[in-house]
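Me: I am new to this structure and want to know what stands behind the terms used for it. Please set each value against its definition.

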Amino acid sequence: MSVINRDDQQHVLVLSGLWNIAMAQPDDPEFISLGLFDCMVSLLEKGTNDRSWLLRDQNIYIPYYAAHVIGSYTMNKVEFAEKAVLAGVIPPLMELLRGKISWVEQRVAVRALGHLASYERTFEAVAAYEEELVRLTMNLASTCLDQVYTKFVGVKDDNKRSKYHCDLLTRGVGGLEMENRKAEEWASQLQCWSLYLLNCFACKERSLNLICNQGFLVDLCGMWGGLVNHSSPAGVGLIRILCYSKYGRQNISESKQVLENLCHLSRSSDDWQYMGIDCLLLLLKDIDTRYKVIEIVTMFLIDLVELKSLGDRSNLGENITKTLLLDYKQSKFRIKNSHVLKALQQTWELKVERRKREKTMSVEKIEEKRVLVNLIKQQANHVFWLGDAEEAIKMYNEALDTCPLRLRKERMVLYSNRAQCYLLLRDPDAAIRDSTRALCLSNPTNAHGKSLWRRSQAYDMKGLAKESLMDCIMFINSVTTTTTNKRVKIPYYAARMISKQMEATWLFVNAQSKFTRSDDDYEISSNEDDHQLECDEMMRQMMMMMMEKKSIAS
């Protein structure tokens, strides 16, 4: 490995080769046994301490590759991580994390530190810098999108962009659009890897007094990884870890904004829906936080009581029901909100009293009621198409009261149709409630196309762009899987909704808003057509990724 220590222009070529090997074979011990970590430490120290050396030849690339190689080789094997710590990788990685060079190096530094912190045998070596590291990482998670936008994506003049950043992002292939796309991916990774590092401390209940800062908890609500990093739970992942500790639950229960964000997530088709539900149930089961949150979360969770399963979680609706009704008779005296009391009473009637009544119902009686429900539904549909949505709602109510609980498909359709009535009446909250109930009854969960589209529209009316986007993507998935045509055509209205919400949920949308208002010297593009083209292309690629992930792409 001595070749790496020569002061010539071959450094980058050698490190680039090592980077490729480390990515392809991270468990291969050959280079580790030759003292690779010692060499990486030497290069990182030289890059962070000798500015003139760093700016000579192509040395500017070296710290990035060195930190990346460390992160790759410590990704899977604790034995390699221990050797890296003994070689002294943590101090120079901390220098990069402090922002000694740029956000590009911070990204690979936080990745490597996250791997080292994930092992019991190397955690304490990282924790030697605990307070500083946690503060730096929290700040990085909260500000990295602004940094990447102001220092790269928002710089539209190629000549003003850092050349080595462009080269690292695109490997010398692609123009401005490709650079922006990769920068978005890297910014999302920088944020998510920062949250992963914080998770390592939170799961050990370390530094909770720092992590549970109310401002940071609110920031976490906006960290969702974007569609470019859909495999990471991002902010909600850390919130769930915090909910496993009493200290974390106490702080989360005091933030209305965090609670509402969890509630919206619990009624979405997001892959992390179950995490939102988990958090709310943990808060409700803790007697010290139950009555701080119950008046907010009840109005959301009651829509999920008929949920059968979600992923590998079975009987989730039953768990939600038991948690809501945990001390039902006593809670009447502790809850002041009449709407919440009424909601709990309706849940008791639906899941306890009505179930008892229907338990002995004969097959003949169920079929008799099925026929009656279909007749009422047809009448309600007719009234709706005549334009009387309010009268149709009354008839759907009658049908739902008549329909046995075990007729899940029929109940799904009734709820979905009633949601359409509420949309016509411009009542998005009621439309979301009924669409959610319909999606809980669908098989599999969240698979009823009409309900997805109706809820997407309702979320759009409320300005909840991310929730609307997720439902619209799932709706398009349902369209592509039910069509028999080889050539799939996405409905125009759905494509338009996706385009609108993609722009509203763009990873840098808040940074762009701040930066456009500032007096910085960067040149901001005002060409809306170019931005729309970028959004359309991004939409196409992100939709394909989401479809592939859910294994239902056509």
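**Values and definitions**

Reply: Helix α29 (residues 492-504) has 13 residues, which should span 18 Å at 1.5 Å a residue, and its end C-alpha atoms are 18 Å apart, so the two agree. The expected span of a helix is 1.5 Å times one less than its number of residues. Helices (H or I, at least four residues) and strands (E, at least two) are DSSP runs, numbered from the N terminus. This is a predicted model, in which local features need pLDDT of at least 70 and side-chain atom pairs count only at pLDDT 80 or more, while totals for chains, interfaces and linings use all residues. Residues are numbered from 1 along each chain as its sequence is written, and side-chain values use heavy atoms, with hydrogens and water left out.

Me: Which residues of α29 are buried?

Reply: They are Ala 494, Met 497, Ile 498, Ser 499, Gln 501 and Met 502. Buried means under 20% relative accessible area, exposed means over 50%, and partly exposed lies in between (1.4 Å probe, protein chains only).

Me: Why is α25 called largely enclosed by the rest of the structure?

Reply: Of the 17 residues of α25, 13 are buried, so the rest of the structure largely encloses this helix. Helix α25 covers residues 408-424 and reaches 25 Å from its first C-alpha to its last, close to the 24 Å expected at 1.5 Å a residue. Just after α25, Arg 426 takes a positive phi of about 60°.

Me: Why is Trp 453 called buried, and why is Tyr 493 called partly exposed?

Reply: Trp 453 has a relative accessible area of 15%, so it counts as buried. Tyr 493 has 39%, so it counts as partly exposed.

Me: What makes two rings an aromatic pair, and what names its kind?

Reply: A pair of aromatic rings is described by the distance of the centres and the angle of the planes. Rings of Phe, Tyr and Trp (its six-membered ring) pair if their centres lie within 6.5 Å; planes under 30 degrees apart count as stacked, over 60 as edge-to-face and the rest as tilted. By this rule the count comes to 16 aromatic pairs. Trp 103 and Phe 152 are one of them, at 6.4 Å centre to centre with 65° between the planes, and the pair is edge-to-face. This pair links distant parts of the chain, with Trp 103 in helix α8 (residues 103-117) and Phe 152 in helix α10 (residues 130-153), 49 residues apart. Both Trp 103 and Phe 152 are buried. Trp 453 and Tyr 493 also pair, at 4.9 Å centre to centre with 50° between the planes, which is tilted. Here Trp 453 in helix α27 and Tyr 493 in helix α29 are 40 residues apart, and the pair again links distant parts of the chain.

Me: Which residues form one aromatic cluster?

Reply: Trp 19, Tyr 64, Tyr 65 and Trp 186 form it.

Me: What makes a charge sit over a ring?

Reply: NZ of Lys or CZ of Arg must be within 6 Å of the ring centre and within 35 degrees of the ring normal. Lys 204 lies over the face of Phe 123, at 4.5 Å from the ring centre. Arg 290 lies over the face of Tyr 291, at 5.8 Å from the ring centre.

Me: What makes a space a cavity, and how many of 30 Å³ or more does the structure hold?

Reply: On a 1 Å grid over the protein atoms alone, a cavity is a set of points where a 1.4 Å probe fits but cannot get out; lining residues have an atom within 4 Å of a point. Grid points are joined across faces, edges and corners, and a volume is the space filled by probe spheres set on the points. The structure holds four cavities of 30 Å³ or more. About 110 Å³ of space lies in the largest cavity. Its lining has 14 residues, and Met 223, Trp 224, Val 236, Leu 265 and Lys 466 lie nearest the centre. The elements that give two or more residues to this lining are α14 (214-221), α15 (234-243) and α17 (256-266). Helix α15 gives the largest share, four residues.

Methods. 1 Å grid on protein atoms, 1.4 Å probe; cavity = no way out; pocket = protein on both sides within 12 Å on 5 of 7 lines; lining within 4 Å.
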